[in-house]
Amino acid sequence: MRQRLLLLLPLFSGLTASAGGFDNGPQGARVLGLGGASTAYINSIAGLSLNPGLLGQWADSLTRVSIGGIGQVRRSSYIGQGTFQRTDQDLTIQPGGYLYATHGVSKRVSLGLAVNTPYGYHTKWPDTWEGRSVVQESKLNTVFVQPTVGFRLNDNFSAGVGFIYAFGKYSQRRALGQYDDPNASTELSASGSGIGVNVGLYGRTGDNLAFGISYRSGVKLKMDNGTSSATGVPARDAALIPAATEFKTQLSMPSTLSVGIANHITKNLLITFDFTLTGWSTTDSLKLDVAATGNTPARRIATARRYEDALAFRVGAEYQVNPKLTVLGGIRYDETPIRDEYINPEFIDANRLGISAGLSYQLTPRLALEGGYSFDYGQLRTARANQTIENVANVSGTYRLATNTASVGVAVAF
Amino acid sequence: MKNFSLNLGRTAGFIAAATTLLLTACAPGQDTPTPVVNVNVSNYLAVGDTYTAGVSAGGLTRNSQEYSFPNQLARQFQSFSGGGTFTQPIIDGSGSGYLSFLDVSPIGYVRSRRVAGQAVRGTVVNSNSCIIPDTVRLLTRSTTAGTLPQNLGIPGLLLSQINTANLGNQSNATPGGTFNPYFERLLPAADNRTYLQVLTTASTSATFFTFFQGLDDLMPYIRSGGTCGSTPTTNFANTMKQNAKRVLDVLTAGGRQGVIAKLPNITTLPLLSLGQGDRLQARLQASFGDKTLLYIEDPLGIGPGQPISSDDYVLATTLPRIGQLTPVLVGSTTLMLPYGRDVRNPLRDADVLDATTEMNLLTAAVSNYNNNTGVAPAAPGLETLAKTYKLPIITTSTSESALNLNDFLFSQVDGIISVGGVQYSAEPVRGGFFSTDYYSLTPRGNGLLANAFITAINRAYRTNIPAIDVNTLPTIAQ
């Protein structure tokens, strides 16, 4: 089996990039501790949202519920290329959470529900920083709801399919630095929803080795209710920058293709490996279709993003210390979807190396407490703005990114 | 996959850095570059004309001086240990008076109001002047008059006047006299020294210079639509170059380092670019809602009016009068016809720089002054002079030794640039670069100009002087 999975590697080798991007980290305290390598990991039902194929494995008499919260601090520092001024992003905590539930309806079929917050970010720069006219604050929050059905095909194989309903909210604020008024700024916000599917397969060869493969489609969040406002604009430019306008836009959440294996090295030690290909290339540009206001006709404002598909490689380990305590650890490497030419302070990302740790403590046979923590450190990124391309708002400089993600939750089986 | 394994090679460093970071704080650090300066900028001397003096919005004021590009440059020098003090000939408050911005008309000219200057202590009206009476405003004396300032930029100083005795002596402030009130206020009363003599004195302690001069020599001709001032012939350009060499001989004495700036193309100035023939005609047609052509006088003054071409430039100061009804004698009757928008009432020669003679002469003179190699009988231009003085190469792409301000800044602004998310264009006031007088710069424009000099100094002298965040500067100087 391992041999065969290795054959899949060349499939991804032509791609230069990987997961990264504005994903919020593994969606569950235990899988976070495992570093996210959970495509073939059945010890937490959080795997349900990554691979519906796992669901068939919980087609027994128990109802399982796992619930918890996630907080991510994603922070960058910036040094201006010309000015040498260092600016640190303000501290923001991107809130997240998850709820998973599974219930077996027969020996072969089980139902599941996954609610989580897989994508999002909150970038907040000091209001007076060098790039304030590019961005001061930008925020994306998403919630994915995924009812799922899983089938146990035979003792060793199971498959599953889930339907995704996603809701997202996007907002952005930047200064209008062409005016003397330091409070002159423009702000936009929009929200909307989209749908997608998630399919997966899980298989076991013998007692020690298991594999999983899953595909989650991309989700287009259609946002038709966007509003944009501007303050501090002098009267002479009121026609150019209206105080309030409406716009429509679409945000693409990427597809993911994951393959993973889980191997019991000893009775107490489980090692998992994952490859994930994330289809970020659907994020090509941010297009705002702005409605007409006054004498200004309707227009489209497009900001190029040109994300690349991205590959992530994750390794996790789980060790059962005693019947009550299990500790987890993980290490991962996420390539960034953002090309050098398109580095923009609205959302900073870099090739990241992450380490994680977690634990699960069985309070009672039915109730376990789970906790996970992960730290990612990004490579230095250098943005070079070309000032003669006047339609691209950017600043030149270097960025360094670090993220801290923590999650706690409970897992219940009854 | 190749990428992937390469990156894994750095993981050891990553993990070490990551662990340190985890234990300290959550904003990841970066090393801030330390300014390295391989040139002595401890005593900086700025030489030039209107731009160097810090004129903005048609006047020299206390605030406009504060944001002059030499002062901003000196402040960047001071931001590390290498820079010393920089003295300017401070003028009081509203100084010489200025043009206060009101609004922008639909066809793009600036409506402004003249604010009287509080440093004006008297006026001399020269009624013999070419088109309109030329008013010379006498100004209160600078407190630096005894010692000479480090900013020796003199508004309106012509290169042809650098050897004129009594240029800064009030006794010459007479109709027809060669006199510069901005030079006068730098000197003690009744001082007969020439600019070059003053420069020689002031430069003795200087360690570094910038030289950006010559545009003011062309401005009388430009502002009068080619009807006043010296015609920019080859001889005229030769005189400019010879005089520039006299100034530069003083500045580079003893191997003193500095930057020589070449003149930008005059068509990048809004005084001209706002009135570029075909574009202006299109704006007028859109504004009046008709298809009427714009007419100029025949440049040779013999034929009837002719339609404007894309290479003819109407002076921006003329724009408010276009389309206004003026009396014209047609045959034996006097008709009221729209100025410029009727073949019988074409734009007068004084309001237009025509393509065939005036623009060609001006373009040739600027190019000659900047780049002439100096084969006799021509004098060498700035680029050749910079090489002679062994000033370092500034741009790597075209291996120029003098700072090509046109490529570095002015022509870029003419095509709109985006700096830190803010757009700058050649549109006066609104574009953020040029001020209400269609010629001088705003504080931000001066910041961008200072940044162009910083880029040049950094490249030439392998230094890394920090640049200015121009978006923090005011958009108007008053």
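How much area is buried between chain A and chain B, and what share of that area do carbon and sulfur atoms give? About 4100 Å² is buried between the two chains, and carbon and sulfur atoms give 60% of it. Keep in mind throughout that this is a predicted model.

**Stop 1: the interface**

Show both chains and select the contact residues. Chain A puts in 54 residues and chain B puts in 45 residues. Now pick A:Phe84, A:Arg236 and A:Gln387. In chain A, these three lose the most area to chain B, together 17% of what that side buries.

Turn to the charged pairs. Between chain A and chain B there are two salt bridges. For one of them, select B:Arg430 and A:Asp237, whose side chains meet with N and O 2.8 Å apart. Polar contacts across the interface of chain A and chain B come to 13 residue pairs, both residues at pLDDT 80 or more.

Next, colour chain A by secondary structure. On the side that touches chain B, the elements that give two or more residues are S1, S2 (86-88), S16, S19 (367-378) and S21 (397-413), strands S2, S19 and S21 being of chain A. By residue type, this side of chain A divides into 24 nonpolar, 18 polar and 12 charged.

**Stop 2: chain A as a whole**

Chain A carries four helices and 21 strands. Its radius of gyration is 23 Å, close to the 22 Å that the globule rule gives for 414 residues, so chain A is as compact as a globular protein of that length. The C-alpha trace of chain A spans about 75 × 40 × 40 Å along its principal axes.

Of the 414 residues in chain A, 56% are buried. Contacts in chain A with a separation of 6 or more can be split by sequence distance: residues 24 or more positions apart account for 70% of them.

**Stop 3: salt bridges inside the chains**

Side chains of opposite charge can pair when their charged atoms come close. Over all chains, the count is 32 salt bridges.

Select A:Arg30 and A:Glu318. They form a salt bridge, with the closest N and O atoms 3.0 Å apart. This pair links distant parts of the chain: A:Arg30 is in helix H3 (residues 29-33) of chain A and A:Glu318 in strand S16 (residues 310-320) of chain A, 288 residues apart. Are the two partners buried or exposed? A:Arg30 counts as buried because its relative accessibility is 10%, under the 20% cut-off. A:Glu318 is also buried, at 7% relative accessible area.

Move on to A:Arg74 and A:Asp349. Their salt bridge has its closest N and O atoms 2.8 Å apart. A:Arg74 lies in strand S1 (residues 63-80) of chain A, and A:Asp349 in the loop between strand S17 (325-334) and strand S18 (352-362) of chain A, so the pair ties together parts that are 275 residues apart in sequence. A:Arg74 and A:Asp349 are both buried.

Bring chain B back and select B:Glu184 and B:Arg121. This salt bridge has its closest N and O atoms 2.9 Å apart. B:Glu184 lies in helix H6 (residues 181-184) of chain B and B:Arg121 in strand S4 (residues 120-126) of chain B, so parts 63 residues apart in sequence are tied together. B:Glu184 is buried, at 1% relative accessible area, whereas B:Arg121 is partly exposed, at 38%.

**Stop 4: two residues in chain A**

Centre on A:Ala184. It is found in the loop between strand S7 (157-175) and strand S8 (185-205) of chain A. A:Ala184 counts as buried, at 1% relative accessibility. Which residues is A:Ala184 in contact with, leaving aside its neighbours within four places in sequence? They are A:Ala175, A:Leu176, A:Tyr179, A:Thr231 and A:Gly232. The C-alpha atoms of A:Ala184 and A:Gly232 are separated by 4.0 Å, although the two are 48 residues apart along the chain.

Finish at A:Thr142, in strand S6 (residues 137-152) of chain A. A:Thr142 is buried, with a relative accessible area of 3%. A polar atom of its side chain lies 2.6 Å from the backbone oxygen of A:Tyr119. Not counting residues up to four places away in sequence, A:Thr142 touches several others, among them A:Asn116, A:Pro118, A:Phe167, A:Leu221 and A:Met253.

Notes:
Residues numbered from 1 in each chain as written. Chains lettered and ligands numbered in written order. Heavy atoms only, no water. Salt bridge = Lys/Arg side-chain N within 4 Å of Asp/Glu carboxyl O. Buried < 20%, exposed > 50% of the residue type's maximum accessible area, 1.4 Å probe, protein only. Contact = heavy atoms within 4.5 Å. Buried area = accessible area lost by both parts, 1.4 Å probe. Polar contact = N/O pair within 3.5 Å; in protein donor to acceptor, adjacent residues only side chain to side chain. Nonpolar A, V, L, I, M, F, W, Y, C, P; charged D, E, K, R; others polar. Rg over C-alpha atoms; globule rule 2.2 N^0.38 Å.
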